[in-house]
Amino acid sequence: MWRMTKEDSQFSPSVEAGMNYEEELVWRMRGVCFIQIAGSRLELPLQVVGTASALFHRFYSVVSLYDYPYDKIAATCLFVACKSEETARRALDIAKIWSFENEESYYEEDVSEFADDILHYELTVVDTTRFDLDMDHPYYYLHDFCEQVEVSDEVLNTCVAMMNDSYRLPFSQWYGNKLMAAVLLMMSFCGCEVEYEIDPDSELGRIIEEYSHLIPGK
């Protein structure tokens, strides 16, 4: 439902409304960076942060960045993701992360107002993304692929870090999470300069063969 080509994404609502495509991608990256920072400070699981990031990209594939403030939508996506993944956090907790000036200083009035905005936009986010909160992540496929090839801790950690970074752009909408997991795993082997042997008849082997043009060194 949410898949699109990279070429099609250049005709997004924001672009149609007059925003430069590269500028839109910058705002999307900023939104996801906020989600990731808040997720880290709230000690949320990776899949919750991933769900929030995917929701954020889905939202702006339907509406324009001109119509809704990206920071409040990003915070709301995190709030909704926490609920959907059964790791609920209060809107106030998320608002404190967004509104603080340092670890011990923030304005209560600003926090309260931001929390109210999160609750205000909650239904908008859920409705715009069609109540579709059942999503997978590249982390799940990475687990499967690690059973098909020997993966060191260094390669695994590198791959997870690259997956985290990949959420800043809508790669999963462009390529799908399974392909993302396979490509990033191969890039991690390459980046760590670790050799690997993969059964060409395994699922990972077939994906590498089909999409070798996307994988460095292939």
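Mentor: Let us start with the general idea. An axis is a line fitted to C-alpha atoms, for helices over the stretch in contact, and the angle between N-to-C directions runs from 0 to 180 degrees. Please note that this is a predicted model. Here, H10 and helix H11 (residues 203-210) have axes 10 Å apart and pack at an angle of about 85 degrees.

Trainee: How are H10 and H11 oriented to each other, roughly parallel or roughly perpendicular?

Mentor: Angles of 65 to 115 degrees count as roughly perpendicular. H10 and H11 are therefore roughly perpendicular to each other.

Trainee: Which residues of H10 and H11 meet?

Mentor: From H10 come Lys-178, Leu-179, Ala-182, Leu-185 and Met-186, and they meet Glu-203, Leu-204, Ile-207 and Ile-208 of H11. Sorted by class, this contact of H10 with H11 has 7 nonpolar and 2 charged residues, with no polar ones.

Trainee: How should I read the domains of the chain?

Mentor: The bounds come from a domain assignment, which gives domain 1 (8-129) and domain 2 (138-214). Their C-alpha centres are 27 Å apart. Where domain 1 and domain 2 touch, 15 residues of domain 1 are in contact with 10 residues of domain 2.

Trainee: How much space lies in the largest pocket?

Mentor: The largest pocket holds about 330 Å³ of space. Its lining consists of 22 residues, and those closest to the centre are Arg-58, Asp-136, Ser-172, Gln-173 and Asn-177.

Trainee: Which helices and domains supply the lining of the largest pocket?

Mentor: At least two residues come from each of helix H3 (46-60), helix H7 (138-145), helix H9 (171-175) and helix H10 (177-191). Domain 1 and domain 2 each give at least three residues to this lining. By class, the lining has 11 nonpolar, 7 polar and 4 charged residues.

Trainee: Where is Tyr-141 placed, and what is Tyr-141 in contact with?

Mentor: Tyr-141 is in helix H7. Neighbours within four places in sequence aside, Tyr-141 is in contact with Asp-136, Asn-177, Lys-178 and Ala-181. One of these, Asn-177, is also among the residues closest to the centre of the largest pocket.

Trainee: Where is Val-151 found?

Mentor: Val-151 is found in the loop between H7 and helix H8 (153-166). Again leaving aside neighbours within four places in sequence, Val-151 is in contact with Cys-146, Leu-156, Leu-185 and Phe-189.

Technical notes:
Residues are numbered from 1 along each chain as its sequence is written. This is a predicted model: local features need pLDDT of at least 70, side-chain atom pairs count only at pLDDT 80 or more; totals for chains, interfaces and linings use all residues. Side-chain values use heavy atoms; hydrogens and water are left out. On a 1 Å grid over the protein atoms alone, a cavity is a set of points where a 1.4 Å probe fits but cannot get out, and a pocket is an open set with protein on both sides within 12 Å along at least five of seven lines; lining residues have an atom within 4 Å of a point. Grid points are joined across faces, edges and corners, and a volume is the space filled by probe spheres set on the points. Helices (H or I, at least four residues) and strands (E, at least two) are DSSP runs, numbered from the N terminus. Ala, Val, Leu, Ile, Met, Phe, Trp, Tyr, Cys and Pro count as nonpolar, Asp, Glu, Lys and Arg as charged, and the others, Gly among them, as polar. Domain bounds come from an automatic or database domain assignment. Angles under 35 degrees count as roughly parallel, over 145 as roughly antiparallel, 65 to 115 as roughly perpendicular and the rest as oblique. Contact means heavy atoms within 4.5 Å.
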